[in-house]
Amino acid sequence: MRGEYKVPGGKLVAVDLEVRDGRLAEVSVSGDFFLEPEEALLDINAALNGVSTEAGVDQLSSAIQGSVDRDVAFIGFSPEAVGIAVRRALGKATGWHDHTFDVMPAKVMDPAMHVALDEVIGREVARGERPPTLRLWDWDSPLVVIGSFQSVKNEVDPDGAAKHGIDVVRRVSGGGAMFMEPGNCITYSLVVPASLVEGLSFERSYSFLDDWVIEALREVGVNAHFVPLNDIASDQGKIGGAAQKRFADGAVLHHVTMSYDIDADKMVEVLRIGREKMSDKGHRSANKRVDPMRSQTGMTRDAILDSFLATFEKRYATTRSDYTQAELEAAEQLMDEKFSTPEWTHRVP
């Protein structure tokens, strides 16, 4: 059996192994990483031989760390990376190329429908009813989407929201508020089986799942990089942020919102946190902070969305897809029974 894991920003780790009586055997670790002293590779292999095939990444990593001296230098990889490669070899963890992804181009609908569809599709992927899915958002009305754990009164100015006719919806994932008007942001949701991020810490999973979009941004002329925990930045500052929800039955929802061309004055009237951030930065105007995609690319929003899909489809096996009638009906029901109710929206006052 063979498993591989490419460390984000690092090196490739490969593990070849056999299984005998439920335990690892003939383990051989290789890759383009650096290891000093080189003799430590034999210790790593020896530490993994005889370990149960049910051992998780943490146990495998601990076995490796316990077998080498403290001064051993893992360069471009880690014991954790070896553990992930072992789990992939055993078929208990998966990589990008183990899946064919459904890809959904942007479809205009009520933004609250997209919030509901995150839950609908997340649960479908968890149950194996839909393959891993990347879908782009588009919407026809303004909305503030707050994180699962945010306080409505701390995030949203009710007078500003009423003035501009903007409602508030709470999503299922954590993270910060999204100020959404038609055409002002670029948002996508990526839903994957939990096996794809097996063994990764929450922090590592953000950069792992955002790796493709860093390339996509560079394709449109933005020199982007990931900033822990969940931000994406360019040479000119932050351009977006990510949020996640891990469903108990086995899927991960990862979505990203990037500023294309936001009305800064309106945003700071509606979002208290936006006002505070601008004040802290000493900016009289927020405009330079909220149009990075338009100003840095010179491209239309639609052209950027098309380019993003092209990058994803170039990297991975994909199939173009669309929402089923059952999914849309389930999302509408969730809007009525959950996302549009004051009990959900104000569950954190």
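## Salt bridges, burial and backbone geometry

D291 counts as buried, at 13% relative accessibility, where buried means under 20% relative accessible area, exposed over 50% and partly exposed in between, for a 1.4 Å probe and protein chains only. This is a predicted model, in which local features need pLDDT of at least 70 and side-chain atom pairs count only at pLDDT 80 or more, while totals for chains, interfaces and linings use all residues. Residues are numbered from 1 along each chain as its sequence is written, and side-chain values use heavy atoms, with hydrogens and water left out.

**Salt bridges**

- Across the whole structure, a search finds 26 salt bridges, each being a side-chain nitrogen of Lys or Arg within 4 Å of a carboxyl oxygen of Asp or Glu.
- D291 pairs with R294 in one of these salt bridges, at 2.8 Å from N to O, and R294, at 36% relative accessibility, counts as partly exposed.
- R2 and E4 form a salt bridge through their side chains, with an N to O distance of 3.1 Å; R2 is partly exposed at 45% relative accessibility, and E4 is partly exposed with a relative accessible area of 36%.
- The side chains of E124 and R130 also meet in a salt bridge, here at 3.6 Å from N to O, and both of these residues are buried.

- E124 belongs to helix α4, residues 111–127, where helices are DSSP runs of H or I with at least four residues, strands are DSSP runs of E with at least two, and both are numbered from the N terminus.
- Its relative accessibility is 13%, so E124 counts as buried.
- Once neighbours within four places in sequence are set aside, E124 is in contact (heavy atoms within 4.5 Å) with E129, R130 and E327.

- G241 sits in strand β14, residues 237–247, and its relative accessibility of 21% makes G241 partly exposed.
- With neighbours within four places in sequence left aside, the contacts of G241 are N230, D231, H255, V256 and T257.
- Between G241 and V152, which are 89 residues apart along the chain, the C-alpha atoms are separated by 19 Å.
- A264 lies in helix α8, residues 264–270, and is buried, with a relative accessible area of 1%.

**Cis peptide bonds**

- The peptide bond from E36 to P37 is cis, with omega near -5 degrees.
- E36 is part of strand β4, residues 34–36, and at 49% relative accessibility E36 counts as partly exposed.
- P228 and L229 are likewise joined by a cis peptide bond, for which omega is about 5 degrees, and L229 is placed in the loop between β12 (224–227) and β13 (231–234).

**Positive phi outside glycine**

- D21, a residue other than glycine, has a positive phi near 55 degrees.
- The loop between β2 (12–20) and β3 (23–31) holds D21, which counts as exposed at 81% relative accessibility.
- E26 is not a glycine either, yet has a positive phi of about 50 degrees, and E26 lies within strand β3.
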